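This briefing is intended for a reader new to the structure shown below. Please view the sequence and the model together before reading on.

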Amino acid sequence: MLIVENVVKAFGSLVVLDGVSLTVKPGEVVTILGSSGSGKSTLIRCINGIEKLDAGRITVDDFDVTKPRELAEARKRSGTVFQLFNLYPHMTALSNITLAPIEVLKRPRAEAEAEARALLASVGLEDKVDVYPAQLSGGQRQRVGICRALAMKPRYLLLDEVTSALDPEMTSEVLDILAKLARDGTTMVFVTHEIEFARRISDRIVFLEKGKLITNLPTAEFFSAAGGLALPRVAQFLSKMQKA
Amino acid sequence: MRLDLSLLIPYIGLLAEGAVMTLEIAVLSLAGSVVLGMVVAIARAGKSATMRRIAFFYADVFRNVPFIVQLFFFYYGLPEIGIYIDAFTTGVVALSIAGGAYASDVIRAGILAIDDGILEAAEVSGLSRRKIFTLIVLPIALRTSVRPLGSVLINIILTSSVLSTITLNELTGQARIVSSDTFRPFEVYVVLLAVYGVLTYLVSTGVSMLHRRLNRDLQPEVN
(Lines give C-alpha, C1' and ligand atoms only; values in the text may rest on other atoms or scores of the structure.)
Protein backbone atom coordinates (compact mmCIF):
# COMPACT_ATOMS: atom_id res chain seq x y z
CA MET A 1 0.00 0.00 0.00
CA LEU A 2 1.15 3.51 -0.83
CA ILE A 3 -0.12 5.93 1.78
CA VAL A 4 0.11 9.70 1.61
CA GLU A 5 -0.99 11.36 4.84
CA ASN A 6 -1.62 15.09 5.28
CA VAL A 7 1.38 16.03 3.21
CA VAL A 8 2.40 19.68 3.19
CA LYS A 9 5.11 21.00 0.90
CA ALA A 10 6.02 24.64 0.37
CA PHE A 11 8.65 26.35 -1.74
CA GLY A 12 9.34 29.53 0.22
CA SER A 13 5.98 31.15 0.86
CA LEU A 14 4.27 29.19 -1.92
CA VAL A 15 2.36 26.22 -0.52
CA VAL A 16 2.37 23.61 -3.27
CA LEU A 17 0.82 20.70 -1.38
CA ASP A 18 -1.61 21.61 1.36
CA GLY A 19 -2.61 18.63 3.46
CA VAL A 20 -2.89 15.99 0.72
CA SER A 21 -3.92 12.46 1.68
CA LEU A 22 -4.19 9.54 -0.71
CA THR A 23 -4.04 5.76 -0.61
CA VAL A 24 -3.04 3.58 -3.54
CA LYS A 25 -3.73 -0.15 -3.22
CA PRO A 26 -1.70 -2.77 -5.09
CA GLY A 27 -3.11 -3.29 -8.58
CA GLU A 28 -4.81 0.09 -8.74
CA VAL A 29 -4.31 2.71 -11.41
CA VAL A 30 -4.80 6.14 -9.87
CA THR A 31 -4.71 9.19 -12.11
CA ILE A 32 -3.97 12.63 -10.73
CA LEU A 33 -5.53 15.47 -12.68
CA GLY A 34 -5.31 19.20 -12.13
CA SER A 35 -4.18 22.32 -13.91
CA SER A 36 -0.53 23.33 -14.16
CA GLY A 37 0.82 24.38 -10.79
CA SER A 38 -1.76 22.39 -8.84
CA GLY A 39 0.96 20.27 -7.23
CA LYS A 40 0.64 17.04 -9.23
CA SER A 41 4.30 16.65 -10.11
CA THR A 42 5.38 17.76 -6.65
CA LEU A 43 3.26 14.99 -5.16
CA ILE A 44 5.12 12.42 -7.28
CA ARG A 45 8.43 14.01 -6.32
CA CYS A 46 7.49 13.71 -2.65
CA ILE A 47 6.56 10.04 -3.03
CA ASN A 48 9.93 9.14 -4.55
CA GLY A 49 11.79 11.28 -2.02
CA ILE A 50 13.25 13.92 -4.34
CA GLU A 51 11.45 16.62 -2.36
CA LYS A 52 11.48 16.68 1.43
CA LEU A 53 8.10 17.04 3.12
CA ASP A 54 7.35 20.02 5.36
CA ALA A 55 4.71 18.04 7.22
CA GLY A 56 2.85 14.77 6.96
CA ARG A 57 4.01 11.29 6.09
CA ILE A 58 4.35 9.07 3.04
CA THR A 59 4.83 5.34 3.38
CA VAL A 60 5.51 2.90 0.58
CA ASP A 61 4.67 -0.62 1.80
CA ASP A 62 5.25 0.63 5.36
CA PHE A 63 8.62 2.22 4.55
CA ASP A 64 8.56 5.89 5.48
CA VAL A 65 10.17 8.13 2.86
CA THR A 66 10.70 10.87 5.46
CA LYS A 67 13.06 8.63 7.43
CA PRO A 68 16.51 8.59 5.84
CA ARG A 69 17.01 4.98 6.92
CA GLU A 70 13.84 3.78 5.24
CA LEU A 71 14.06 5.92 2.12
CA ALA A 72 16.27 3.45 0.27
CA GLU A 73 13.78 0.61 0.84
CA ALA A 74 10.87 2.86 -0.09
CA ARG A 75 12.65 3.83 -3.30
CA LYS A 76 13.26 0.23 -4.27
CA ARG A 77 9.50 -0.24 -4.25
CA SER A 78 8.66 2.61 -6.58
CA GLY A 79 9.86 3.38 -10.08
CA THR A 80 9.61 6.80 -11.67
CA VAL A 81 9.16 7.73 -15.32
CA PHE A 82 9.88 11.41 -16.05
CA GLN A 83 8.39 13.97 -18.36
CA LEU A 84 11.77 14.71 -19.95
CA PHE A 85 12.94 11.06 -19.92
CA ASN A 86 16.15 11.85 -18.00
CA LEU A 87 18.04 8.97 -19.59
CA TYR A 88 21.78 8.75 -18.92
CA PRO A 89 23.20 10.27 -22.13
CA HIS A 90 26.53 8.42 -21.99
CA MET A 91 24.99 4.97 -21.77
CA THR A 92 23.28 2.75 -24.31
CA ALA A 93 19.60 1.88 -23.94
CA LEU A 94 20.65 -1.44 -22.46
CA SER A 95 23.02 0.09 -19.88
CA ASN A 96 20.44 2.71 -18.93
CA ILE A 97 18.15 -0.16 -17.99
CA THR A 98 20.66 -2.48 -16.32
CA LEU A 99 22.57 0.10 -14.26
CA ALA A 100 20.32 0.11 -11.19
CA PRO A 101 19.52 -3.62 -11.19
CA ILE A 102 23.25 -4.39 -11.25
CA GLU A 103 24.45 -1.65 -8.87
CA VAL A 104 21.53 -1.45 -6.45
CA LEU A 105 19.92 -4.90 -6.51
CA LYS A 106 23.30 -6.60 -7.13
CA ARG A 107 21.83 -8.72 -9.90
CA PRO A 108 24.31 -10.66 -12.06
CA ARG A 109 25.04 -8.73 -15.25
CA ALA A 110 24.00 -11.50 -17.63
CA GLU A 111 20.64 -11.90 -15.93
CA ALA A 112 20.02 -8.14 -15.80
CA GLU A 113 20.90 -7.82 -19.48
CA ALA A 114 18.65 -10.69 -20.52
CA GLU A 115 15.76 -9.05 -18.68
CA ALA A 116 16.54 -5.66 -20.16
CA ARG A 117 16.52 -7.13 -23.66
CA ALA A 118 13.16 -8.74 -22.95
CA LEU A 119 11.80 -5.44 -21.65
CA LEU A 120 13.04 -3.57 -24.72
CA ALA A 121 11.47 -6.22 -26.95
CA SER A 122 8.17 -5.85 -25.11
CA VAL A 123 8.06 -2.16 -26.05
CA GLY A 124 9.16 -2.82 -29.64
CA LEU A 125 12.74 -1.62 -29.25
CA GLU A 126 14.61 -4.91 -29.59
CA ASP A 127 16.76 -3.37 -32.33
CA LYS A 128 17.76 -0.36 -30.18
CA VAL A 129 19.61 -2.25 -27.45
CA ASP A 130 23.01 -0.71 -28.19
CA VAL A 131 21.80 2.70 -29.25
CA TYR A 132 22.41 5.89 -27.25
CA PRO A 133 19.58 8.18 -26.09
CA ALA A 134 20.61 10.97 -28.48
CA GLN A 135 19.96 8.62 -31.40
CA LEU A 136 16.40 7.81 -30.33
CA SER A 137 13.18 9.70 -30.99
CA GLY A 138 11.28 11.16 -28.04
CA GLY A 139 8.78 8.33 -28.00
CA GLN A 140 11.56 5.75 -28.12
CA ARG A 141 13.41 7.51 -25.31
CA GLN A 142 10.34 7.45 -23.15
CA ARG A 143 9.84 3.75 -23.86
CA VAL A 144 13.40 3.16 -22.68
CA GLY A 145 12.57 5.30 -19.64
CA ILE A 146 9.63 3.04 -18.85
CA CYS A 147 11.82 -0.06 -19.25
CA ARG A 148 14.40 1.49 -16.92
CA ALA A 149 11.77 1.96 -14.24
CA LEU A 150 10.27 -1.51 -14.77
CA ALA A 151 13.68 -3.23 -14.60
CA MET A 152 13.72 -2.56 -10.85
CA LYS A 153 10.46 -4.52 -10.55
CA PRO A 154 8.77 -1.71 -8.67
CA ARG A 155 5.54 -2.33 -6.82
CA TYR A 156 4.39 1.15 -7.76
CA LEU A 157 5.05 2.89 -11.02
CA LEU A 158 5.06 6.69 -10.76
CA LEU A 159 4.42 8.43 -14.07
CA ASP A 160 5.03 12.17 -14.14
CA GLU A 161 3.46 13.68 -17.29
CA VAL A 162 5.28 11.10 -19.35
CA THR A 163 3.74 12.15 -22.66
CA SER A 164 3.79 15.93 -22.21
CA ALA A 165 6.99 16.33 -24.21
CA LEU A 166 5.82 14.13 -27.09
CA ASP A 167 3.87 14.75 -30.28
CA PRO A 168 0.53 12.92 -30.72
CA GLU A 169 2.02 10.01 -32.66
CA MET A 170 4.74 9.36 -30.10
CA THR A 171 2.24 9.90 -27.32
CA SER A 172 0.17 7.03 -28.59
CA GLU A 173 3.26 4.76 -28.75
CA VAL A 174 3.81 5.41 -25.08
CA LEU A 175 0.16 5.26 -24.02
CA ASP A 176 -0.24 1.86 -25.71
CA ILE A 177 2.49 0.52 -23.45
CA LEU A 178 0.92 2.04 -20.35
CA ALA A 179 -2.45 0.53 -21.29
CA LYS A 180 -0.78 -2.86 -21.54
CA LEU A 181 0.87 -2.40 -18.15
CA ALA A 182 -2.49 -1.42 -16.65
CA ARG A 183 -4.10 -4.55 -18.10
CA ASP A 184 -1.30 -6.64 -16.58
CA GLY A 185 -2.17 -5.27 -13.17
CA THR A 186 0.74 -2.86 -12.67
CA THR A 187 0.04 -0.42 -9.88
CA MET A 188 0.37 3.09 -11.23
CA VAL A 189 0.19 6.66 -10.03
CA PHE A 190 -0.35 8.56 -13.20
CA VAL A 191 -0.01 12.34 -13.51
CA THR A 192 -1.29 13.37 -16.90
CA HIS A 193 -3.21 15.74 -19.13
CA GLU A 194 -4.44 12.86 -21.33
CA ILE A 195 -7.95 12.84 -19.92
CA GLU A 196 -9.55 10.41 -22.33
CA PHE A 197 -6.76 7.93 -21.83
CA ALA A 198 -6.92 8.31 -18.06
CA ARG A 199 -10.64 7.62 -18.23
CA ARG A 200 -9.98 4.35 -20.06
CA ILE A 201 -7.27 2.91 -17.82
CA SER A 202 -7.81 4.40 -14.35
CA ASP A 203 -9.57 2.84 -11.41
CA ARG A 204 -9.74 6.14 -9.62
CA ILE A 205 -9.23 9.78 -10.41
CA VAL A 206 -7.91 12.35 -8.01
CA PHE A 207 -8.24 16.06 -8.66
CA LEU A 208 -5.77 18.57 -7.24
CA GLU A 209 -6.47 22.27 -7.07
CA LYS A 210 -3.92 24.72 -5.65
CA GLY A 211 -2.27 21.99 -3.60
CA LYS A 212 -5.49 20.65 -2.13
CA LEU A 213 -6.99 17.33 -3.06
CA ILE A 214 -10.57 18.27 -3.82
CA THR A 215 -11.92 14.94 -4.99
CA ASN A 216 -10.94 11.28 -5.12
CA LEU A 217 -13.49 9.11 -6.92
CA PRO A 218 -13.81 5.89 -8.91
CA THR A 219 -13.37 6.77 -12.58
CA ALA A 220 -16.99 6.33 -13.68
CA GLU A 221 -18.21 8.41 -10.79
CA PHE A 222 -15.65 11.13 -11.45
CA PHE A 223 -17.02 11.61 -14.95
CA SER A 224 -20.68 11.40 -13.93
CA ALA A 225 -22.96 14.40 -13.55
CA ALA A 226 -23.70 13.59 -9.92
CA GLY A 227 -20.05 12.89 -9.05
CA GLY A 228 -17.00 14.84 -10.18
CA LEU A 229 -18.89 16.98 -12.67
CA ALA A 230 -21.03 18.31 -9.84
CA LEU A 231 -17.93 20.13 -8.62
CA PRO A 232 -17.72 23.40 -10.55
CA ARG A 233 -13.90 23.42 -10.67
CA VAL A 234 -13.73 19.88 -12.08
CA ALA A 235 -16.46 20.56 -14.64
CA GLN A 236 -14.69 23.71 -15.75
CA PHE A 237 -11.31 21.90 -16.01
CA LEU A 238 -12.74 19.02 -18.00
CA SER A 239 -14.63 21.20 -20.45
CA LYS A 240 -11.52 23.30 -21.04
CA MET A 241 -9.29 20.27 -21.54
CA GLN A 242 -11.71 18.57 -23.88
CA LYS A 243 -12.08 21.66 -26.02
CA ALA A 244 -8.31 21.99 -26.35
CA MET B 1 72.72 34.75 -43.64
CA ARG B 2 71.29 31.49 -44.92
CA LEU B 3 69.30 28.95 -43.03
CA ASP B 4 71.59 25.93 -42.61
CA LEU B 5 69.96 23.21 -40.56
CA SER B 6 72.72 20.69 -41.30
CA LEU B 7 74.94 22.26 -38.65
CA LEU B 8 72.46 21.01 -36.03
CA ILE B 9 72.97 17.35 -36.98
CA PRO B 10 75.56 16.70 -34.23
CA TYR B 11 73.06 18.07 -31.71
CA ILE B 12 70.05 15.97 -32.69
CA GLY B 13 70.60 13.58 -29.79
CA LEU B 14 70.73 16.43 -27.30
CA LEU B 15 67.58 18.03 -28.64
CA ALA B 16 65.81 14.66 -28.71
CA GLU B 17 66.71 14.14 -25.04
CA GLY B 18 65.16 17.50 -24.32
CA ALA B 19 62.03 16.61 -26.24
CA VAL B 20 61.69 13.34 -24.34
CA MET B 21 62.00 15.16 -21.03
CA THR B 22 59.39 17.70 -22.14
CA LEU B 23 57.08 14.80 -22.97
CA GLU B 24 57.71 13.14 -19.60
CA ILE B 25 57.01 16.37 -17.80
CA ALA B 26 53.89 16.96 -19.88
CA VAL B 27 52.46 13.48 -19.26
CA LEU B 28 53.12 13.55 -15.50
CA SER B 29 51.84 17.10 -15.10
CA LEU B 30 48.77 16.34 -17.15
CA ALA B 31 47.92 13.38 -14.92
CA GLY B 32 48.67 15.52 -11.87
CA SER B 33 46.53 18.43 -12.98
CA VAL B 34 43.58 16.29 -14.05
CA VAL B 35 43.55 14.40 -10.75
CA LEU B 36 44.00 17.61 -8.77
CA GLY B 37 41.46 19.40 -10.97
CA MET B 38 38.96 16.63 -10.40
CA VAL B 39 39.39 16.68 -6.62
CA VAL B 40 39.16 20.47 -6.50
CA ALA B 41 36.17 20.51 -8.88
CA ILE B 42 34.38 18.01 -6.62
CA ALA B 43 35.11 20.22 -3.62
CA ARG B 44 33.97 23.34 -5.47
CA ALA B 45 30.71 21.72 -6.59
CA GLY B 46 30.24 19.92 -3.28
CA LYS B 47 28.20 20.48 -0.15
CA SER B 48 30.79 21.41 2.49
CA ALA B 49 31.21 25.19 2.70
CA THR B 50 34.71 24.91 4.16
CA MET B 51 35.89 22.62 1.38
CA ARG B 52 34.32 24.93 -1.18
CA ARG B 53 36.14 27.94 0.26
CA ILE B 54 39.50 26.16 0.32
CA ALA B 55 39.03 24.97 -3.25
CA PHE B 56 38.05 28.41 -4.55
CA PHE B 57 40.99 29.94 -2.72
CA TYR B 58 43.40 27.47 -4.35
CA ALA B 59 42.01 28.00 -7.83
CA ASP B 60 42.04 31.77 -7.46
CA VAL B 61 45.56 32.00 -6.08
CA PHE B 62 47.19 29.79 -8.67
CA ARG B 63 45.40 31.35 -11.61
CA ASN B 64 46.27 34.86 -10.49
CA VAL B 65 50.01 34.52 -9.89
CA PRO B 66 52.52 34.27 -12.79
CA PHE B 67 53.71 30.71 -13.25
CA ILE B 68 57.35 31.69 -13.13
CA VAL B 69 56.81 33.29 -9.71
CA GLN B 70 55.17 30.09 -8.41
CA LEU B 71 58.06 28.09 -9.83
CA PHE B 72 60.74 30.28 -8.28
CA PHE B 73 58.93 30.17 -4.97
CA PHE B 74 58.96 26.36 -4.98
CA TYR B 75 62.51 26.00 -6.28
CA TYR B 76 64.38 28.92 -4.72
CA GLY B 77 62.03 29.92 -1.90
CA LEU B 78 61.18 26.64 -0.18
CA PRO B 79 64.83 25.57 0.44
CA GLU B 80 65.11 28.65 2.68
CA ILE B 81 62.69 26.99 5.08
CA GLY B 82 64.39 23.63 4.74
CA ILE B 83 62.30 22.04 1.97
CA TYR B 84 64.50 20.74 -0.83
CA ILE B 85 62.92 19.22 -3.92
CA ASP B 86 64.86 18.34 -7.08
CA ALA B 87 64.27 20.38 -10.21
CA PHE B 88 62.33 17.72 -12.11
CA THR B 89 59.91 17.02 -9.26
CA THR B 90 59.52 20.73 -8.58
CA GLY B 91 58.71 21.33 -12.24
CA VAL B 92 56.11 18.57 -12.40
CA VAL B 93 54.53 19.58 -9.09
CA ALA B 94 54.42 23.26 -10.02
CA LEU B 95 52.88 22.52 -13.42
CA SER B 96 50.36 20.14 -11.86
CA ILE B 97 49.29 22.69 -9.28
CA ALA B 98 48.99 25.49 -11.81
CA GLY B 99 47.32 23.24 -14.40
CA GLY B 100 45.02 21.78 -11.74
CA ALA B 101 43.60 25.23 -11.03
CA TYR B 102 42.53 25.57 -14.67
CA ALA B 103 41.44 21.95 -14.97
CA SER B 104 39.23 22.32 -11.90
CA ASP B 105 37.41 25.20 -13.60
CA VAL B 106 36.79 23.15 -16.70
CA ILE B 107 35.64 20.02 -14.87
CA ARG B 108 33.48 22.03 -12.49
CA ALA B 109 31.72 23.62 -15.46
CA GLY B 110 31.15 20.13 -16.84
CA ILE B 111 29.65 18.96 -13.55
CA LEU B 112 27.38 22.00 -13.20
CA ALA B 113 26.14 21.60 -16.77
CA ILE B 114 24.60 18.20 -16.02
CA ASP B 115 20.81 18.31 -16.15
CA ASP B 116 19.28 17.98 -12.66
CA GLY B 117 16.70 15.57 -14.04
CA ILE B 118 19.40 13.04 -14.87
CA LEU B 119 20.70 13.19 -11.31
CA GLU B 120 17.18 12.83 -9.94
CA ALA B 121 16.62 9.76 -12.08
CA ALA B 122 19.81 8.25 -10.68
CA GLU B 123 18.84 9.21 -7.14
CA VAL B 124 15.36 7.67 -7.22
CA SER B 125 16.74 4.49 -8.75
CA GLY B 126 18.47 3.94 -5.40
CA LEU B 127 22.09 4.47 -6.46
CA SER B 128 24.35 5.69 -3.65
CA ARG B 129 25.85 9.17 -3.81
CA ARG B 130 29.25 7.69 -4.58
CA LYS B 131 27.94 5.51 -7.40
CA ILE B 132 26.04 8.45 -8.86
CA PHE B 133 29.24 10.43 -8.83
CA THR B 134 31.52 7.84 -10.38
CA LEU B 135 29.07 6.28 -12.84
CA ILE B 136 26.98 9.28 -13.89
CA VAL B 137 28.41 12.67 -12.92
CA LEU B 138 32.08 12.19 -13.72
CA PRO B 139 31.68 10.43 -17.09
CA ILE B 140 29.16 13.02 -18.30
CA ALA B 141 31.31 15.92 -17.04
CA LEU B 142 34.40 14.49 -18.76
CA ARG B 143 32.50 14.12 -22.02
CA THR B 144 31.86 17.84 -22.12
CA SER B 145 35.21 18.87 -20.72
CA VAL B 146 37.67 16.85 -22.85
CA ARG B 147 38.09 19.66 -25.36
CA PRO B 148 38.74 22.46 -22.86
CA LEU B 149 40.94 20.02 -20.90
CA GLY B 150 42.91 19.62 -24.12
CA SER B 151 43.63 23.35 -24.10
CA VAL B 152 44.83 23.04 -20.51
CA LEU B 153 47.14 20.22 -21.58
CA ILE B 154 48.54 22.22 -24.46
CA ASN B 155 49.14 25.10 -22.11
CA ILE B 156 51.03 22.77 -19.79
CA ILE B 157 53.30 21.71 -22.66
CA LEU B 158 53.94 25.31 -23.65
CA THR B 159 54.48 26.43 -20.07
CA SER B 160 56.93 23.57 -19.45
CA SER B 161 59.47 25.62 -21.46
CA VAL B 162 59.66 27.93 -18.43
CA LEU B 163 61.18 25.06 -16.44
CA SER B 164 64.48 25.73 -18.23
CA THR B 165 64.83 28.62 -15.76
CA ILE B 166 65.26 26.18 -12.87
CA THR B 167 68.14 24.30 -14.52
CA LEU B 168 65.94 21.68 -16.09
CA ASN B 169 67.21 20.68 -19.54
CA GLU B 170 63.96 19.97 -21.24
CA LEU B 171 63.52 20.94 -24.88
CA THR B 172 63.93 24.69 -24.40
CA GLY B 173 66.79 24.19 -21.95
CA GLN B 174 68.70 21.98 -24.42
CA ALA B 175 68.02 24.44 -27.20
CA ARG B 176 69.61 27.22 -25.17
CA ILE B 177 72.69 25.07 -24.68
CA VAL B 178 72.90 24.19 -28.37
CA SER B 179 72.34 27.79 -29.31
CA SER B 180 75.20 29.06 -27.17
CA ASP B 181 77.42 26.22 -28.43
CA THR B 182 76.85 26.92 -32.11
CA PHE B 183 76.15 30.65 -32.07
CA ARG B 184 73.26 29.85 -34.43
CA PRO B 185 70.14 30.81 -32.46
CA PHE B 186 68.16 31.30 -35.69
CA GLU B 187 68.43 27.67 -36.77
CA VAL B 188 68.03 26.36 -33.25
CA TYR B 189 64.85 28.26 -32.56
CA VAL B 190 63.37 27.54 -36.00
CA VAL B 191 63.65 23.88 -35.10
CA LEU B 192 62.21 24.56 -31.65
CA LEU B 193 59.19 26.37 -33.14
CA ALA B 194 58.54 23.39 -35.38
CA VAL B 195 58.93 20.80 -32.63
CA TYR B 196 56.55 22.57 -30.23
CA GLY B 197 54.12 23.06 -33.08
CA VAL B 198 54.16 19.38 -34.00
CA LEU B 199 53.92 18.30 -30.35
CA THR B 200 50.86 20.41 -29.61
CA TYR B 201 49.28 19.52 -32.95
CA LEU B 202 49.57 15.81 -32.09
CA VAL B 203 48.06 16.46 -28.68
CA SER B 204 45.11 18.40 -30.05
CA THR B 205 44.49 15.70 -32.66
CA GLY B 206 44.49 13.11 -29.90
CA VAL B 207 42.10 15.20 -27.81
CA SER B 208 39.73 15.55 -30.77
CA MET B 209 39.74 11.79 -31.26
CA LEU B 210 39.02 11.23 -27.59
CA HIS B 211 36.23 13.81 -27.71
CA ARG B 212 34.63 12.06 -30.67
CA ARG B 213 34.94 8.69 -28.97
CA LEU B 214 33.34 9.92 -25.73
CA ASN B 215 30.57 11.67 -27.64
CA ARG B 216 30.07 8.95 -30.22
CA ASP B 217 26.32 8.96 -29.66
CA LEU B 218 25.89 12.52 -30.89
CA GLN B 219 25.25 13.49 -34.49
CA PRO B 220 28.43 14.25 -36.48
CA GLU B 221 27.56 17.94 -36.84
CA VAL B 222 27.54 18.35 -33.07
CA ASN B 223 31.13 17.12 -32.71
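The structure is a predicted model. Chain B touches chain A through 17 residues, which meet 21 residues of chain A.

**Contact between the chains**
- On the side of chain B that touches chain A, α5 (116-124) and α6 (129-159) of chain B each supply at least two residues.
- The residues on this side of chain B comprise nine nonpolar, three polar and five charged.

**A helix pair in chain B**
- Helix α3 (residues 67-77) of chain B packs against helix α4 (residues 87-112) of chain B, with an angle of about 140° and axes 10 Å apart.
- Because angles over 145 degrees count as roughly antiparallel and 65 to 115 as roughly perpendicular, α3(B) and α4(B) are oblique to each other.
- The crossing of α3(B) past α4(B) is right-handed.
- From α3(B), Phe67(B), Gln70(B), Leu71(B), Phe74(B) and Tyr75(B) take part, and they meet Ala87(B), Thr90(B), Val93(B), Ala94(B) and Ala98(B) of α4(B).
- This contact of α3(B) with α4(B) has eight nonpolar and two polar residues, with no charged residues.

**Nonpolar cores**
- The largest nonpolar core has 110 residues, and those touching the most other members are Ile32(A), Ile47(A), Cys147(A), Leu159(A), Val189(A) and Phe190(A).
- Leaving aside residues up to four places away in sequence, Cys147(A) touches Ile97(A), Ala116(A), Leu119(A), Leu120(A) and Val123(A).
- A second, separate core has six residues, among them Tyr11(B), Leu171(B), Ala175(B) and Val178(B).

Key: Residues numbered from 1 in each chain as written. Chains lettered and ligands numbered in written order. Predicted model: local features only at pLDDT ≥ 70, side-chain atom pairs only at ≥ 80, totals over all residues. Axes fitted to C-alpha atoms, helices over the stretch in contact; angles between N-to-C directions. Helix = DSSP H or I, 4+ residues; strand = E, 2+ residues; numbered from the N terminus. Parallel < 35°, antiparallel > 145°, perpendicular 65-115°, else oblique. Left-handed = near helix turned anticlockwise from the far one by under 90°. Contact = placed C-beta atoms within 7 Å. Nonpolar A, V, L, I, M, F, W, Y, C, P; charged D, E, K, R; others polar. Core = buried A, V, L, I, M, F, W, Y, C linked by C-beta atoms within 7 Å. Buried ≥ 20, exposed ≤ 12 C-beta atoms within 10 Å, placed from the backbone.
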